[in-house]
Structure formats: structure tokens, C-alpha cells
Amino acid sequence: MQLLALPAFLYAFRQIKKMWWSLPQSPSDNYSQKSKLKIIFFCFGLLSFYLFQLFYPLSPSPYPLIFIIFGYLLIFIGFWLCKKALATLGNNWASLLDYQIKPGQKLITTGIYKYLRHPLYLGDILWLTGLELVLNSWLFIPLFFLLSFLFWRHSIKEDKLLANHFGQKIPVK
């Protein structure tokens with residue numbers, strides 16, 4: 001049953017790599033470079049944890065195949081949201097770790113941001129939860145709630161930062 005998780009792991013690794021290389025490069029922004037190093041270590045740690053779960057499942061017994069199929073669906077939707085959000089943001093993207101307004105940054109309210117205020121956070125929650133489901137790990141339950149809470153708290157801070165900088169209320173449709 002754990003072999004069903006191997007394609008999900010490889011897909012997640014490939015998508016993280018593709019998104020990483022598509023991020024806007026700013027060689028003069030040292031703070032952003034530090035953030036990128038932190039992201040690399042985070043992704044390496046996360047993928048190592050998932051690789052560990054491939055060989056040592058954290059759930060004593062496998063659950064139905066429908067959970068794995070649903071997990072794959074969450075992974076694909078999550079990465080799709082992340083890719084759409086990054087494509088819409090372009091050079092306006094700033095790492096979660098940077099927590100800054102970049103020079104010349106614009107408030108994006110088009111594309112996927114026309115419908116969702118924080119599609120990157122939602123995408124991350126979905127693909128990480130889906131990967132836990134595919135890995136047959138009951139960690140998907142606490143992980144979903146923990147990530148939702150952390151991203152919700154960060155989104156409030158981020159919205160205040162954007163509202164203060166752009167001098168308007170952040171529109172949500």
C-alpha cells in the first residue's frame with residue numbers, strides 16, 4: 001500500500017523544484033536569499049519526513065483506497081492553486097519568511113486573487129494534507145488544523161501589512 005504513495009512523493013518533490021526555479025530572482029535582495037535558504041532547508045526536512053513515512057508508516061493499518069485517491073486529488077488541486085498564485089503574483093511575490101513589502105510591489109486582485117485572498121496558503125494546506133492521506137498517516141488530521149491555524153494567523157498579519165502600505169481595505173470576493 002505504501003508504494004501507492006511513491007508517485008505522490010515524487011510529484012511533490014518535482015513540483016516544489018519547479019516552483020522554486022520559477023520564483024523571481026533578485027540578487028540584490030540579501031534578505032530574500034536568506035529566506036530562500038530557509039525554504040530549501042524546510043523543503044528538505046519536509047520531504048525527508050515524507051520519505052521516512054514511505055518506509056515506516058505512522059498508521060498501524062491501511063485505510064481504504066478512496067482516502068488515497070482523495071489525497072492525490074488534494075495534492076493536485078493544492079499544487080495547481082500554488083502555481084496559479086505564483087504566476088499571478090510574478091515579481092510581487094515575497095516569501096512567507098520575508099514578511100515585507102517589496103519596492104514597487106502592487107496589490108494583486110486579478111487572476112486567482114480575484115476569488116481567493118490567500119491561494120498559496122490554501123494550496124499548501126491542501127497538498128500537505130493530501131500527501132499525509134496518500135502516505136496512510138493519521139497525521140493529516142492534526143496537520144490540517146495546525147496548518148490552517150498558522151496560515152490564518154499569518155494571513156491576518158499579512159492583510160494588515162498590505163492595508164497599511166496600500167492605504168485601503170484588502171478586497172475579498
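Helix α4 is followed by N136, whose phi is positive, near 65 degrees. This is a predicted model, where local features need pLDDT of at least 70, side-chain atom pairs count only at pLDDT 80 or more, and totals for chains, interfaces and linings use all residues. Residues are numbered from 1 along each chain as its sequence is written, and side-chain values use heavy atoms, with hydrogens and water left out.

**Overall build**
- The protein has five helices and zero strands. Helices (H or I, at least four residues) and strands (E, at least two) are DSSP runs, numbered from the N terminus.
- Along the sequence, the pattern reads α-α-α-α-α.
- Of the 173 residues in the protein, 42% are buried. Buried means under 20% relative accessible area, exposed means over 50%, and partly exposed lies in between (1.4 Å probe, protein chains only).
- Take the contacts (heavy atoms within 4.5 Å) with a separation of 6 or more: residues 24 or more positions apart account for 79% of them.
- The protein exposes about 10,300 Å², and carbon and sulfur atoms supply 71% of that area. Accessible areas come from the Shrake-Rupley method with a 1.4 Å probe; for residues, only the protein chains shown count as cover.

**Helix α4**
- The 16 residues of α4 should span 22 Å at 1.5 Å a residue, and the end C-alpha atoms are 22 Å apart, which agrees. The expected span is 1.5 Å times one less than the number of residues.
- In α4, 14 of the 16 residues are buried, so this helix is largely enclosed by the rest of the structure.

**The nonpolar core**
- The largest nonpolar core has 32 residues; Y113, L120, W127 and L131 have the most contacts inside it. Such a core is a set of buried Ala, Val, Leu, Ile, Met, Phe, Trp, Tyr and Cys residues joined through side-chain atoms within 4.5 Å.
- Two or more residues come from each of α1 (6-22), α2 (30-55), α3 (65-89), α4 (119-134) and α5 (140-166).
- Helix α3 gives the most, with ten residues.
- Leaving aside neighbours within four places in sequence, Y113 is in contact with A85, T88, L89, I108, P119 and L120.

**Aromatic pairs**
- The structure holds five aromatic pairs. Rings of Phe, Tyr and Trp (its six-membered ring) pair if their centres lie within 6.5 Å; planes under 30 degrees apart count as stacked, over 60 as edge-to-face and the rest as tilted.
- The rings of F149 and W152 have centres 6.1 Å apart and planes at 40 degrees, so this pair is tilted.
- F149 and W152 are three residues apart in helix α5, so about one helical turn separates them.
- F149 is partly exposed, at 42% relative accessibility, while W152 is exposed, at 51%.
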